[in-house]
Amino acid sequence: MKQFRFRPFVIALAAMVAIPLAVVAQDKTGAKKPGETYKQDEVLKEAEEFFGEGAKGIADVVAKAFKEQGEPNAFIKGNEGGGAIGVGVRYGKGTLQTHDGRTREIYWQGPSIGFDVGGNAAKVFVLIYNLNDEETLFQRFPGVEGSLYFVGGVGLNYARASDVTVAPVRFGIGWRQGASVGYVHFTKEKSLNPF
């Protein structure tokens with residue numbers, strides 16, 4: 001008759017209890033879980049800290065985005081520059097922050113064509129909706145944009161691809177006005193090719 005080994009049994013039992021307790025303790029860290037979204041006050045705080053004191057219309061623009069699109073589950077803080085004389089280009093760089101607290105560097109570029117003239121540099125806070133997988137962000141987002149920057153101003157527009165919607169909030173300097181059709185292409189690496 002084989003003798004019962006008590007020690008391996010106790011170790012296995014302790015592991016079965018300890019692992020679920022560790023998972024429960026980890027959930028209490030305050031990190032967002034997949035599927036969670038940012039509340040309006042969280043986004044407004046992040047945007048105001050990012051844009052600073054000079055951006056007076058940020059609260060209204062964020063409220064408009066929440067009213068029209070709901071709660072985002074990711075955002076990008078970055079900078080971009082662009083220019084146009086009928087045909088335009090835009091280049092940007094920023095940091096993507098997802099609902100679960102992960103961050104990564106991200107780039108974007110894109111062409112436009114239309115009745116658009118001027119140049120601008122802008123701080124950009126991009127609200128992102130329905131981003132269930134970061135990889136779905138790395139594609140082209142077509143859109144129609146109207147912009148008007150005189151020495152400073154806040155702008156908002158929407159672009160959609162697949163089920164993901166991006167809503168760039170721009171606080172720009174320079175002068176650029178008009179309406180154009182184009183797309184923004186998010187990439188993992190910097191590219192000078194706007195297409």
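1. Buried here means under 20% relative accessible area. The model under discussion is predicted. By that cut-off Tyr38 and Phe75 are both buried.

2. Tyr38 and Phe75 also form an aromatic pair, with 5.0 Å from centre to centre and 55 degrees between the planes. The pair is classed as tilted. Tyr38 belongs to the loop between helix 1 (6-27) and helix 2 (40-51), while Phe75 belongs to strand 1 (residues 74-98), so the contact ties together parts that are 37 residues apart in sequence.

3. A second ring pair is made by Phe50 and Phe51. Their planes stand at 65 degrees and their centres are 5.2 Å apart, so this pair is edge-to-face; the class applies to planes over 60 degrees apart. Phe50 is buried, and Phe51 is buried too.

4. Which residues are linked into a cluster by ring pairs? The members are Tyr38, Phe50, Phe51, Phe75, Phe125 and Phe171. Both pairs described above therefore fall within this cluster, given that rings pair if their centres lie within 6.5 Å. Over the whole structure, the search returns eight aromatic pairs.

5. Phe50 has a further contact, this time with a charge. The charged end of Lys123 sits over the ring of Phe50, at 4.5 Å from the ring centre. Phe50 thus takes part in the edge-to-face pair with Phe51 and also lies under the charged end of Lys123.

6. Turning to charge pairs, the search of the whole structure gives 13 salt bridges. Side chains of opposite charge can pair when their charged atoms come close. One of these bridges joins Asp100 to Arg102, with the closest N and O atoms 2.8 Å apart. Asp100 is partly exposed, at 23% relative accessibility. Arg102 is also partly exposed, at 44% relative accessibility.

7. How far apart in the chain are Glu135 and Lys188? The two side chains meet in a salt bridge of 2.8 Å, N to O. This pair links distant parts of the chain, 53 residues apart: Glu135 is in the loop between strand 2 (103-129) and strand 3 (140-150), and Lys188 is in the segment after strand 6 (164-187). Glu135 counts as partly exposed at 41% relative accessibility, and Lys188 counts as partly exposed at 41% as well.

8. Arg160 and Asp163 form another salt bridge, in which the closest N and O atoms are 3.9 Å apart. The cut-off for a salt bridge is 4 Å, so the pair is counted. Arg160 is partly exposed, with 45% relative accessibility, whereas Asp163 is exposed, with a relative accessible area of 54%.

9. Salt bridges with shared partners join Asp100, Arg102, Arg104, Glu134, Glu135 and Lys188 into one network. The network includes the residues of the Asp100 and Arg102 bridge and those of the Glu135 and Lys188 bridge.

10. Phi of Asn130 is near 65 degrees, a positive value in a residue other than glycine. Asn130 lies in the loop between strand 2 and strand 3 and is partly exposed, at 43% relative accessibility. Phi of Ser162 is near 55 degrees, again positive in a residue other than glycine. Ser162 lies in the loop between strand 5 (159-161) and strand 6 and is exposed, with a relative accessible area of 57%.

Terms used:
Residues are numbered from 1 along each chain as its sequence is written. This is a predicted model: local features need pLDDT of at least 70, side-chain atom pairs count only at pLDDT 80 or more; totals for chains, interfaces and linings use all residues. Side-chain values use heavy atoms; hydrogens and water are left out. Rings of Phe, Tyr and Trp (its six-membered ring) pair if their centres lie within 6.5 Å; planes under 30 degrees apart count as stacked, over 60 as edge-to-face and the rest as tilted. Helices (H or I, at least four residues) and strands (E, at least two) are DSSP runs, numbered from the N terminus. Buried means under 20% relative accessible area, exposed over 50%, partly exposed in between (1.4 Å probe, protein chains only). A charge sits over a ring if NZ of Lys or CZ of Arg is within 6 Å of the ring centre and within 35 degrees of the ring normal.
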